[in-house]
Amino acid sequence: MTNCTKKKNQTFQIIVSDDSSGDDIASVVKKYQSSMNNLDYYRNESGHGFSRNILRLYKLSKTPYIWFLSDDEEVLPGAIDKILEALNKYEPVVALFNHIDIDPNGR
């Protein structure tokens, strides 16, 4: 999230949907909310599971495009700018972007 905090004109919404996890993600998100007015946090009262949690995110989103990231994914430097540039240029109905998988050994 630190790369996102450097943006001054944030034209996107970040939604964290906590599916009743046992960790304290709420306090982590709260640290960033003071400097990121586009960061929203929601916690499910009980576990919805992956599919229902994704459907909930669709309902919560206020933007025309949605980029789903799980808690173990990393946004590479410059990725947001490149994606916003492509979306603004082509205005696609559906956009799929490649990703890089890195195993625990860094491969």
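In which helix does L55 lie? L55 belongs to helix α3, which covers residues 50-60. The legends below describe close-up views of a predicted model.

**View 1. Overall layout of the protein chain.** The protein chain contains 4 helices and 2 strands. Along the sequence these elements come in the order α-β-α-β-α-α. The chain has 107 residues, and 20% of them count as buried.

**View 2. The salt bridge between D18 and R43.** The structure has 1 salt bridge. D18 pairs with R43, and their closest N and O atoms are 2.8 Å apart. This pair connects distant parts of the chain, with D18 in strand β1 (residues 14-18) and R43 in strand β2 (residues 39-43), 25 residues apart. Side chains of opposite charge can pair when their charged atoms come close.

View 3. D18 counts as buried because its relative accessibility is 4%, under the 20% limit. R43 has a relative accessibility of 42% and therefore counts as partly exposed, a class that lies between 20% and 50%.

View 4. L55, Y58 and I66 make a nonpolar surface patch of about 300 Å². Of these residues, L55 lies in helix α3.

Terms used: Residues are numbered from 1 along each chain as its sequence is written. This is a predicted model: local features need pLDDT of at least 70, side-chain atom pairs count only at pLDDT 80 or more; totals for chains, interfaces and linings use all residues. Side-chain values use heavy atoms; hydrogens and water are left out. Patches are made of residues with over 30% relative accessible area and no salt bridge: like charges are joined within 9 Å, nonpolar side chains (Val, Leu, Ile, Met, Phe, Trp, Tyr) within 5 Å. Accessible areas come from the Shrake-Rupley method with a 1.4 Å probe; for residues, only the protein chains shown count as cover. A salt bridge is a side-chain nitrogen of Lys or Arg within 4 Å of a carboxyl oxygen of Asp or Glu. Buried means under 20% relative accessible area, exposed over 50%, partly exposed in between (1.4 Å probe, protein chains only).
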